[in-house]
Amino acid sequence: MSENNLHNEQKLLNLLEKKFILKGGSVRRERRVEVKVEPKEIVPVLLYAKENSGYTAFTHMSCVDWIEDGEFEVVYILWHPEEKINFFVKTRVSRDNGTLPNIDFIWRQANTYEREIREMFGIQFEGLVGREEFILEDWEHMPPMRRDFDTVKFVEKTYFERPGREDAKDVREYVQERTDEELPDFAKKYSRD
Amino acid sequence: MYNDKESQKIVDIIQNYARKHSLFILAYGTGCGAIEIPPTMTSRYDAERFGIRGAATPRQADVLLITGYLATKSLKRVIKVYEQMQDPKYVIGFGSCTINGGMYWDSYNTINVLDKYIPVDVNINGCMPRPEAVIAGFVKLQKQIQEGKADGWDKYKKNLDYYKENQKKIITNWVMPDFNW
Amino acid sequence: MREKSTTLYIGPQHPGITGNMMVKLQVEGDTIVKAETHVGYLHRGFEKLMERRNWLQSFTIVCRICVPEPDPNEENYSRAVEEIEGREVPERAKYIRVMTLELARIATYLLWYGGQSGSAGLLTMGQWSVGDRNYILDLFEDLTGGRVYHMYIWPGGVRRDLPEGFKEKALRTMDYLEKRLDDYDKLLFENSIFQKRAKGVGIIDKNKAIEWGVVGPPLRGCGIQSDVRKDDPYEVYDKLDFEVPAMEGGDVWTRALVRRFEIRQSINLVRQVLDKMPGGEYYNKIPNPHKWTIPAGDAFVKTESARGEFGYYMVSDGGNKPRRVHVKGPAYVHGITLLENLLVGENVADVSFIMNSLGTCPPEIER
């Protein structure tokens, strides 16, 4: 993987650095390019990549909860069908009442991704049209994919406890209680301490 | 004239013999166990030699096969379907998710113990059960039918309040009529 | 006299749909005017479950995301973990992984045969092809121990080596399947009922296909040659010799033909892999799983499954458990936006036919 093999990937970074204000960008390996922007630059950067540089395929859109920084990170992934390069666009938005621009006039399938992120994380998209309920039905609690939603407490409150697990213990204690067997050496070495 | 104890027993024996040899399964794949139903119904592990075949609507089916876990959105529809089926009807719980929650026990959207919401007659364990295990489960159900012990439908009618209270605890938007036979 | 439009629910309990989802239709006479999909009947919250389990425990639950074809999920998970950590995989393990993936692809196509012809009313095809699929599941049982959910491909290699006598058994199965493909042709593709029903139904426009996010056999059925195994190659696909079939047309008939030609390519790939497999180790051992941490970073990997392009986006924060794993299946776009657009103007009787041909599988839409 020599330097001149990454020529196509570097070309895109140079073009973008001339036209927009970027917070960071790099070529990670062959066929992977990454760029970090502010939320108001998302629509210009994506439109430029689609119409001028040929990144016509919208592959994926995802969201990560960084609760220690108080922010959500949203990632858009695009694909160039001829030069075969993946392009990542990353942006950060605040956890309390964050809003992002709506991109489903550029690609129609982004509507589904945005509806799911709105339901699971609670980020609002300006001008998004679509039914509120997508996957969950009659859900009145916090958006479930946030990191401060505790699933085990929710399950203990709502559903029945599963039978047969009240006295679950380590199998080594079990063996020594039921028989007078001495544990072999290889069984003693495994440790989860 | 034919209501005395001996002739009732003969009528029961003939009725149960006919019922156990023609079980129609409702075509509803509720969870991930539905991938082992096509191999059970096709040429290698042929289930039609036992009289088992598929039915299209709840009014024509005898057995409701809950293949795996149930999300709460699915549980509402399963209750509607179960109440539309006609007596006598049987429920088979398929896989370890119906017994104690399986590997999704700590998920916010799936129920743990199916027996508290609708009555279950036979449980088949495994993840997924093999087609031979599925047929063994059906043979056990057939034995229970012959002895007259597969009476989940009767239990549901007699203890309706208990089941409804469990169901309404989870399903908050109750838009279905309460059944009263 | 104008006809009134009615609302029909092709709901979760229906013998014709490919899983547990609902399609709500507005119908005028026999023609569909508007369609709306409702999903969410199979939601388990996989991504929340994986945040509570450590790196090795998450690998055991990943294969149940896509029910007919579990192996691309394990492959994607393992490759994402290896890319973030920088772990090397031995050559023999890569060849065994390719063989497992191709066998899973053939098994899924045989199950698709049954679904597609069953929704047209031709039920014998399903009995033949699902019965033959059991021979491939027997091979999987010898190799991994389970018929449907294997849990075989894990970070660092594969779990076990090939057992004795596996190579001869696999080659015999491949010869048998190749002879049966001619029988399937006579039964299904030369059948005039199937031809009349399939030609001209569910057409995807070639100029807009990539922009709408179409991937896999529906995209190749429009005439565009696109396959992740050639575009973004992984494992040892760049050393193996195979073709990617593509045909013009964009309707259900060409999609069925594209899948038919791909079965033959997969059978050849399995024979090549068994021929060229090197010796050596099959596993690069991971440390104690309870204390195994992976440095911070993120990765996006793609695999070609039988229904399209499967993607995983994984983020690690330097700890014992994954921070975020986001799974994107091919049916996420095919089953919601594309289906709602293709169904307008078609007959009600063709809804299940088109769903089978696009390959919508609800468990991977809502995980």
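Which residues in α3(A) meet which residues in α11(C)? In this predicted model, where local features need pLDDT of at least 70, side-chain atom pairs count only at pLDDT 80 or more, and totals for chains, interfaces and linings use all residues, A:T112, A:Y113 and A:E116 in α3(A) meet C:Y332, C:V333, C:I336 and C:T337 in α11(C). Residues are numbered from 1 along each chain as its sequence is written, chains are lettered from A and ligands numbered from 1 in the order in which they are written, and side-chain values use heavy atoms, with hydrogens and water left out. Contact means heavy atoms within 4.5 Å; helices (H or I, at least four residues) and strands (E, at least two) are DSSP runs numbered from the N terminus.

**Helix packing**

Two packed helices are described by the angle between their axes and the distance between the axes. Axes are lines fitted to C-alpha atoms, for helices over the stretch in contact, and angles run from 0 to 180 degrees between N-to-C directions. Helix α3 of chain A (residues 110-120) packs on α11(C) at about 100 degrees, the axes being 9 Å apart. The two helices are therefore roughly perpendicular to each other, where angles under 35 degrees count as roughly parallel, over 145 as roughly antiparallel, 65 to 115 as roughly perpendicular and the rest as oblique. The contact of α3(A) with α11(C) comprises four nonpolar, two polar and one charged residues; Ala, Val, Leu, Ile, Met, Phe, Trp, Tyr, Cys and Pro count as nonpolar, Asp, Glu, Lys and Arg as charged, and the others, Gly among them, as polar.

Within chain C, helix α3 (residues 71-85) and helix α4 (residues 91-118) pack at about 150 degrees, with axes 9 Å apart. α3(C) and α4(C) are therefore roughly antiparallel. From α3(C), C:D71, C:P72, C:E75, C:S78, C:R79 and C:E82 meet C:R97, C:T100, C:L101 and C:A104 of α4(C). By class, the residues of this contact are three nonpolar, two polar and five charged.

**The interfaces of chain C**

The table sets out the two interfaces. Buried area is the accessible area (1.4 Å probe) that two parts lose on being put together, summed over both. A salt bridge is a side-chain nitrogen of Lys or Arg within 4 Å of a carboxyl oxygen of Asp or Glu. A polar contact is a pair of N or O atoms within 3.5 Å; within protein, one must be able to donate a hydrogen and the other to accept it, and residues adjacent in sequence count only if both atoms are side-chain atoms.

| Interface | Buried area | Share on carbon and sulfur atoms |
|---|---|---|
| Chain C and chain A | about 3900 Å² | 51% |
| Chain C and chain B | about 3000 Å² | 54% |

Toward chain A, 40 residues of chain C meet 49 residues of chain A. On the chain C side, C:K48, C:F300 and C:R323 lose the most area to chain A, together 18% of what that side buries. Eight salt bridges are counted between chain C and chain A, and 17 residue pairs are in polar contact (both at pLDDT 80 or more). The elements that give two or more residues to this side include β3 (31-38), α1 (46-50) and β6 (297-305) of chain C, while α11(C) gives the most, with five residues. The side of chain C that touches chain A has 11 nonpolar, 10 polar and 19 charged residues.

Toward chain B, 34 residues of chain C are in contact with 36 residues of chain B. C:Q13, C:Y41 and C:R44 supply 21% of the area that chain C buries against chain B, more than any other three residues. Five salt bridges are found across the interface of chain C and chain B; the side chains of B:D106 and C:R53 form a salt bridge at 3.3 Å, N to O.

**Chain A and backbone geometry**

A:K84 pairs with C:D231 in a salt bridge (3.4 Å, N to O). Phi of A:K84 is near 60 degrees, a positive value in a residue other than glycine, and A:K84 is located in the loop between β4 and β5 of chain A.

In chain B, a cis peptide bond joins B:D87 and B:P88, with omega about -10 degrees; B:P88 lies in the loop between α3 (72-84) and β4 (90-94) of chain B.
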